[in-house]
Amino acid sequence: MINRRYAWRGYGSHHVVPAHRATATFTASDDSSVLGTVTLVVDSEAGLAADAIFADQLHPFRETPGRKICELGKLAFDAGMPSKPLLAALFHIVFIYGYHHHRCTDLFIEVNPRHRRFYQAMLGFTPIGTPRTNTSVAAPSQLMWLEISSIRRRIEAAALDGSDPIPRSLYALFFSHGDALELAEQLTSDRATQDARVKLFLPAF
């Protein structure tokens, strides 16, 4: 699915999901099919994909005591723009896992500059530097950053806007605090952490 969707966007069809202990691939599914996927890569001796063109931007975070950086990649959905509830559920699952299992403090993602506003408005990512050319997909790439410690504050702020019929960000659609703690326990269990591919089964949105 990743290669099919990336090829459709003109990004090539040669992509491979990393397979080592510092990665976890999440898939969102309904009863009959896989709807989408995203991979979380935690910084290790192998580095991050973003190091290929943004190593100088990542270095200050990597070298700061108490920081642990991670990266979202290989984000793909089977058709068109997925629903906001589906996106919110998938991103929240990844955030929970990254924080509770790996203690990630800083999350990065590379996006095409034309998608920058979406990640700013919907998840609060901040652009780092200016776009550069990602030769692996022959397209411009913008590095974006999210401080993990800000997520709880963003969820609480979104809850205050609960009367708005159109959520201003995906945080308004995140799991409740109680559900998030339950999910954290499930995702950090021995069985879950031994499997590099985590499946999230969701009803159709």
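These legends describe close-up views of a predicted model of one protein chain.

**View 1. The whole chain, element by element.**
The protein chain holds 7 helices and 7 strands. From the N terminus on, the elements run α-β-β-α-β-α-β-α-β-β-α-α-α-β. The chain has 205 residues, and buried residues make up 46% of them. Its accessible surface comes to about 10900 Å². Carbon and sulfur atoms account for 54% of that surface.

**View 2. Helix α2 from end to end.**
Helix α2 covers residues 51-62, which makes 12 residues. A straight helix, at 1.5 Å a residue, would reach 16 Å. In α2 the end C-alpha atoms are only 11 Å apart. The helix therefore falls short of the straight span.

**View 3. The buried face of helix α2.**
Six names matter here: Asp51, Ile53, Phe54, Gln57, Leu58 and Phe61 are the buried residues of α2. Seen down the helix axis, these buried residues fall within an arc of 145°, so they line one face of α2. An α-helix has 3.6 residues a turn, so residues three or four places apart point the same way. What do the buried residues of α2 pack against? They meet four strands: β3 (69-77), β4 (106-111), β5 (126-134) and β6 (139-147).

**View 4. Leu72 in strand β3.**
Leu72 lies in strand β3. Is Leu72 buried or exposed? Its relative accessible area is 4%, under the 20% cut-off, so Leu72 counts as buried. Leaving aside residues up to four places away in sequence, Leu72 touches Val38, Thr39, Leu40, Phe91, Val94, Phe95, Leu107, Phe108, Ile109 and Phe125. Val38 is one of these neighbours. Leu72 and Val38 are 34 residues apart along the chain, yet their C-alpha atoms are separated by 6.9 Å.

**View 5. Thr25 and its polar partner.**
Thr25 sits in strand β1, which spans residues 23-29. Thr25 is buried, with a relative accessible area of 4%. Which residue does the side chain of Thr25 join through a polar contact? The partner is Thr39, and the contact between the two side chains is 2.9 Å.

Methods
Residues are numbered from 1 along each chain as its sequence is written. This is a predicted model: local features need pLDDT of at least 70, side-chain atom pairs count only at pLDDT 80 or more; totals for chains, interfaces and linings use all residues. Side-chain values use heavy atoms; hydrogens and water are left out. Helices (H or I, at least four residues) and strands (E, at least two) are DSSP runs, numbered from the N terminus. Buried means under 20% relative accessible area, exposed over 50%, partly exposed in between (1.4 Å probe, protein chains only). The arc is that of the directions from the helix axis to the C-beta atoms. Contact means heavy atoms within 4.5 Å. A polar contact is a pair of N or O atoms within 3.5 Å; within protein, one must be able to donate a hydrogen and the other to accept it, and residues adjacent in sequence count only if both atoms are side-chain atoms. Accessible areas come from the Shrake-Rupley method with a 1.4 Å probe; for residues, only the protein chains shown count as cover.
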